[in-house]
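Hi,

Here is the structure I promised to pass on to you. Have a look at it first, and then read my notes below.

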Amino acid sequence: MNYLYGPVPSRRLGVSLGIDLIPHKICSFNCIYCECGPTTKLTIKRDEFKPVNLVIEELNNYLKDKPKLDYITFSGSGEPTLYKKIGTIIDFLQKDYPDYQIALLTNSSLLHKKKVRNQIKKVDLISPSLDSVIKRNFETINRPHSKIKLSQIIEGLIELRKEFDGKIFLEIFIVPNINDSKEELYKFHDIIKEIKPDLVQLNTLDRPGAEDWCTPASKSSLEDTVNIIGKEAEIIGPYLPKKRNTIQPTLKESIISTLKRRPCTVKDLSNIFDLHVNEINRYLRQLEKNYNIKGKEGKRGKFYYLTKEEK
Ligand code: SF4
């Protein structure tokens, strides 16, 4: 698959088929915690990075067999709203596959643009990020394109809430000693009241990030954060595997397309593909002959990722 990946187990969305419209690694941010590695092209210029007709063709081929999914999710290795024809794909899914729920994960950087909000407002769920409400911390964590202003992001989120009928799950990624001060959290509390999301989800480092010095927040610090932010906040829990009827092109291809986009432990892959860890290990050994698969130690064990597609 060229534009789709997974389905992957998402801590937020259950079993989610990913749509990746942005080449690795184009983004409007260069977050210190990014699991896709450092941004190589920092931009706010929207483009049709991949031909929209080919994306639609691949979706058609995949969805015609009616796989069981919790969501079809715009996500992947860069900011999905940078794809200027995202609205065409959303319209296609709603018209031809209305039974599927659509989600969008966004870093919120383009939400101040009315045109972008109009394109995305037909999805069922938007999970926008807002990692800081203090300029210097926002710049430390997200390292945005120079034209992106924190005030515009907050205004965009407030406007989105006014215009969008679906669910908004606001995500805050907590980085110890940067955005977890009392000063910041009380500001968050006030701004969240203006944004009015359905839910606030607190996330922290789970896979190796772009910077080794970025570490996970402790459970107790996340619990303190929930107490300040309010009852609509929750800590994103570990994924609970679900049984599913996924149609994979081939298992090897699916493992590669997953590792291409996010580092995974053997246990993660075992949950995604419903296979015993020994079997996953066996596939990894086979795949290592043709692909550059590397391992990096992380908090949950060794994370495998793809450095280059073909050896
Ligand atoms: S975490 Fe998301 S917004 Fe941040 S650099 Fe990575 S892809 Fe871009």
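R143 sits in the loop between α4 (135-142) and α5. Although R143 is not a glycine, its phi is positive, at about 40 degrees. Most residues other than glycine have a negative phi, and most peptide bonds are trans. The helix names come from DSSP runs (H or I, at least four residues), as do the strand names (E, at least two), and both are numbered from the N terminus.

Before you go further, note that this is a predicted model, where local features need pLDDT of at least 70, side-chain atom pairs count only at pLDDT 80 or more, and totals for chains, interfaces and linings use all residues. Residues are numbered from 1 along each chain as its sequence is written.

Two peptide bonds are also worth a look. The one from G6 to P7 is cis, with omega near 5 degrees, and P7 lies in strand β1. The bond from H24 to K25 is cis too, with omega near -5 degrees; K25 belongs to the loop between β2 and β3 (26-27).

Next, the helix pairs. Helix α1 (residues 52-63) packs against helix α2 (residues 86-96) at an angle of about 25 degrees, and their axes are 10 Å apart. Here axes are lines fitted to C-alpha atoms, for helices over the stretch in contact, and angles run from 0 to 180 degrees between N-to-C directions. α1 and α2 are therefore roughly parallel to each other (angles under 35 degrees count as roughly parallel, over 145 as roughly antiparallel, 65 to 115 as roughly perpendicular and the rest as oblique). On the α1 side the contact is made by V52, V55 and I56, and on the α2 side by T88, I89 and F92. Two residues are in contact if their C-beta atoms, placed from the backbone, lie within 7 Å. By class, this contact of α1 with α2 has 5 nonpolar, 1 polar and no charged residues. For these classes, Ala, Val, Leu, Ile, Met, Phe, Trp, Tyr, Cys and Pro count as nonpolar, Asp, Glu, Lys and Arg as charged, and the others, Gly among them, as polar.

Helix α5 (residues 150-163) and helix α6 (residues 182-195) pack at about 35 degrees, with axes 8 Å apart. I154, L157, I158 and R161 of α5 meet I191, E194 and I195 of α6. That contact divides into 5 nonpolar, no polar and 2 charged residues.

Which residues surround the ligand? They are C27, F29, N30, C31, C34, C36, T39, G78, E79 and N107, where a residue is near a molecule or strand if its C-beta atom, placed from the backbone, lies within 6 Å of it. This shell has 5 nonpolar, 4 polar and 1 charged residues.

Finally, the domains. The protein is divided into domain 1 (4-236) and domain 2 (250-311), with bounds from an automatic or database domain assignment. Their C-alpha centres lie 24 Å apart. Domain 1 gives 14 residues to the contact and domain 2 gives 12 residues. On the side of domain 1 that touches domain 2, β1 (4-10) and β2 (14-20) are the elements that give two or more residues, and β1 provides the largest share, 4 residues.

Enjoy exploring!
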